[in-house]
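This report looks at a helix contact and at aromatic ring pairs. The structure is shown first.

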Amino acid sequence: MTIEKIPLRGKQNAATATGCAGRLRRDLPSSFAVGLLACCVAWAPFGVSAQDKRMVRVGVTKIVSHAALDAVEKGFESALSGAGFKEGVNLIYDRQNAQGDLAKAAAIAQQFAKDQPDLIHSIATPTSQAVVKYNTRIPVVFSGVTDPVGAGIVAKDSAPGKKTGTNVTGVSDLWPVHLQMQTYAKFVPSAKKWGTIFNPAEANSVTHVRAMRDAAKSLGLELTEVTVSHGSEVERAAQSLVGKVQAIAVTSDNTSVANFDAIARVCDQHKIPLFAGDVDSVQRGAIAAYGMDYFLVGYSAGKKAALVLKGVKPGDIPWGAVEKFSLVINLRAAKAQGVTVAPELRKLADKLIE
């Protein structure tokens with residue numbers, strides 16, 4: 001056997017080893033069961049392989065395009081390519097973007113149900129909900145879903161690391177919200193009034209904002225929530241927080257993250273410290289994020305998809321949550337928003353943007 005390398009970004013590292021041990025990586029959500037499945041499939045005959053002449057068809061549905069979800073898609077494709085499923089050689093992607101429209105997400109899911117691709121990769125909660133609603137037979141691998149159980153994507157009795165027994169498996173991106181809020185409060189200890197912006201139509205956002213409320217209460221902070229229903233409303237929502245809050249933290253809300261630049265503009269103009277939950281948004285104007293690398297979220301999902309395309313039933317592949325988090329700090333954004341980052345916080349950073 002050969003050592004398989006996982007592509008990483010930034011300063012993150014992943015340990016790899018040969019054989020089954022190489023399947024159990026600390027940077028990716030994994031389980032002993034998935035490792036065994038991978039090893040068994042590597043040795044056993046399977047129905048669809050990288051050597052087959054026919055083209056494998058994979059439908060991709062994404063709720064909206066932004067840095068984190070785009071990284072998920074790239075990670076997924078990288079994993080499939082590394083497993084021998086290469087676009088244009090033996091694989092065709094049908095990439096669809098709902099552009100934040102839930103009705104369009106439903107229409108995409110219904111079309112996939114008619115087209116019958118070999119596998120569907122659903123990125124984010126709303127698109128995954130639509131796919132499982134209109135399809136119970138085509139294999140589905142979800143990614144970037146905050147609460148698969150609460151969103152009805154997996155059964156209520158299914159827990160991370162467990163098999164679903166259905167046509168669905170995937171990767172959850174539940175954030176460590178309390179640790180995030182606790183960390184961000186250290187950047188601006190004088191800030192007691194915090195704000196957030198989210199779309200209540202997104203189940204993932206509702207889950208995270210609920211956790212933010214609990215975290216704020218335990219930390220003695222006041223949280224002001226502003227809701228939006230469309231990306232065009234995000235900048236106005238940010239403006240509405242001016243004078244009411246001393247800092248803003250954006251959760252895993254796809255509507256807000258897709259329009260993160262607009263929030264950053266408002267925060268720069270009015271010297272309001274801005275924090276994100278995903279590391280991909282830091283470059284776009286957040287002071288910091290204690291979060292996950294979404295490329296790795298997609299890569300992990302892609303490894304599960306490769307097993308499915310090699311003949312393993314999705315319901316026999318445990319779904320899981322990401323466990324690797326990093327602190328990324330943007331010193332340029334801190335300066336623009338009037339914040340001096342303490343030396344001790346700089347030392348904690350996995351990556352500094354200067």
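By about how much of a helical turn are Phe295 and Tyr299 separated in helix α10? Being four residues apart in helix α10 (residues 294-309), Phe295 and Tyr299 are separated by about one helical turn.

## Basis

The model is predicted, so that local features need pLDDT of at least 70 and side-chain atom pairs pLDDT 80 or more, while totals for chains, interfaces and linings use all residues. Residues are numbered from 1 along each chain as its sequence is written, and side-chain values use heavy atoms, with hydrogens and water left out.

## Aromatic pairs

Six aromatic pairs are counted, where rings of Phe, Tyr and Trp (its six-membered ring) pair if their centres lie within 6.5 Å.

Tyr184 and Phe275 are both buried, and together with Phe187 and Trp194 they form one aromatic cluster.

## Helices α3 and α4

The axes (lines fitted to C-alpha atoms over the stretch in contact) of α3 (residues 102-115) and α4 (residues 125-134) come within 8 Å and cross at roughly 40°. The contact (heavy atoms within 4.5 Å) includes Leu102 and Ala105 of α3 and Pro126 and Tyr134 of α4. By class, it has nine nonpolar, two polar and no charged residues.

Terms used. Axes fitted to C-alpha atoms, helices over the stretch in contact; angles between N-to-C directions. Helix = DSSP H or I, 4+ residues; strand = E, 2+ residues; numbered from the N terminus. Nonpolar A, V, L, I, M, F, W, Y, C, P; charged D, E, K, R; others polar. Phe/Tyr/Trp six-rings, centres within 6.5 Å; stacked < 30°, edge-to-face > 60°. Buried < 20%, exposed > 50% of the residue type's maximum accessible area, 1.4 Å probe, protein only.
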